[in-house]
Amino acid sequence: MKNIAVMTSGGDAPGMNNAIRAVVRSAIYHGMGAYGIYYGYEGLVNDHIEPLTRQNVSRILNRGGTILGSARYPDFKQLDVQRHAANNLRRREIDGLIVIGGDGSYRGALALHEQGIQCIGLPGTIDNDIPSTDYTIGFYTALNTAVESIDKLRDTSFSHRRCSVVEVMGRHCGDLALYAGIAVGSEFIITPETGFKKQETLDAVRKSYLSNKRHAIVVATERIVNVHELAKEIESYTGYETRATVLGHVQRGGTPSAFDRVMATEMAEHAVGLLAAGIGGRAVGLRGKDLVDVPIETALTMEKTVTKKRYGLVGRLVE
Ligand code: F6P
């Protein structure tokens, strides 16, 4: 393979820069040219493609976001748009492409693969929602951000004898809420996997109040419940004065954690190795301690397994 390209797509995630850097350096190691595609699939279609050198990716290891920019681009579902994108790559003799993103980005990678471009997907999203991997780049940094924020909320909740209801991101995956809930010792978590059981939530917080605890924390994944409404209900049912906080996009930014940096680097190096061997159509992931790669179609059709034992740690697994 003469040249390969890299792009970031969908919601950005801390660690994407580490993956970009590793792609470029690894491509050079394998004797290939490296290109960067700016602003995801939209940039690819609009021919926003530039060569990347070692200098272009220096001093980005500790930077959040993505130097390449990112975008969500629904038009990429159209076949003529996909063909046009593939031609933009062929014109530059780019035969391989690494797409760093979530499941929407993988669908685009699969489409391009079907247009004859060797594509590899790297899991880059704070949601940890890609079933073919135990881990996605950016998850642990976002988790640390959520935990740090909730710790601060606990300080003020403790002072005022209050309950904090905290909404974290995650889209359709409860991992951010689950792990954060364990890390901060929350009274209750509400995730897509547990569903929202109002009475159980209220009872758990009330129990905490009756046991004389000075603060309580409920962590909820976005899109399941209106946390402001829930805060009012908790306040009138439990005795705790209650406040709601939506953490929002703050979870997407910041310096990537050491773990996210290392994993992003290793996954990217693995991806380049596949392309250098002429292999495409794969999605890279982590299974246990091993780097693995599976067909992109498989990554898109697998079901994410839920660790019931981990839910049990928060005290209740709703069957
Ligand atoms: O997929 C990452 C994510 O941050 C989700 O957790 C969230 O639902 C979504 O992106 C927000 O998207 P946007 O940045 O387009 O508002």
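## Exercises on a predicted model

Leaving out the neighbours within four places in sequence, threonine 133 is in contact with Pro123, Met267, Gly285, Leu286 and Arg287. The model used in these exercises is predicted.

**Exercise 1.** Determine where threonine 133 lies and whether threonine 133 is buried or exposed.

*Solution.* Begin with the location: threonine 133 is found in the loop between strand S5 (118-123) and helix H5 (139-160). Next, take the relative accessible area, which is 2% for threonine 133; since buried means under 20%, threonine 133 counts as buried. Finally, look at the side chain of threonine 133, which reaches the backbone oxygen of tyrosine 135 at 2.8 Å.

**Exercise 2.** Work out the order of the strands in the open sheet of 4 strands, and find which strands stand at the edges.

*Solution.* The order is S7-S8-S6-S9, and the pairing is parallel. Strand S7 (188-190) and strand S9 (241-246) each have a single partner strand and therefore stand at the edges, with one side of each left without a neighbour in the sheet. Neighbouring strands of this sheet are turned by 15° against each other on average, direction ignored.

**Exercise 3.** Characterise the packing of helix H1 (residues 16-29) and helix H9 (residues 258-276).

*Solution.* The two helices pack at an angle of about 35°, with their axes 8 Å apart, and the crossing of H1 and H9 is right-handed. On the side of H1 the contact is made by Asn18, Ala19, Ala22, Val23, Ser26 and Ala27, while H9 contributes Arg261, Ala264, Thr265, Ala268, Glu269 and Val272. Sorted by kind, the residues of this contact divide into 7 nonpolar, 3 polar and 2 charged.

**Exercise 4.** Locate asparagine 212, and decide whether asparagine 212 is buried or exposed.

*Solution.* Asparagine 212 lies in the loop between helix H7 (198-210) and S8. The relative accessible area of asparagine 212 is 61%, and because exposed means over 50%, asparagine 212 is exposed.

Conventions. Residues numbered from 1 in each chain as written. Predicted model: local features only at pLDDT ≥ 70, side-chain atom pairs only at ≥ 80, totals over all residues. Heavy atoms only, no water. Buried < 20%, exposed > 50% of the residue type's maximum accessible area, 1.4 Å probe, protein only. Polar contact = N/O pair within 3.5 Å; in protein donor to acceptor, adjacent residues only side chain to side chain. Contact = heavy atoms within 4.5 Å. Pairing = 2+ DSSP bridges. Axes fitted to C-alpha atoms, helices over the stretch in contact; angles between N-to-C directions. Left-handed = near helix turned anticlockwise from the far one by under 90°. Nonpolar A, V, L, I, M, F, W, Y, C, P; charged D, E, K, R; others polar.
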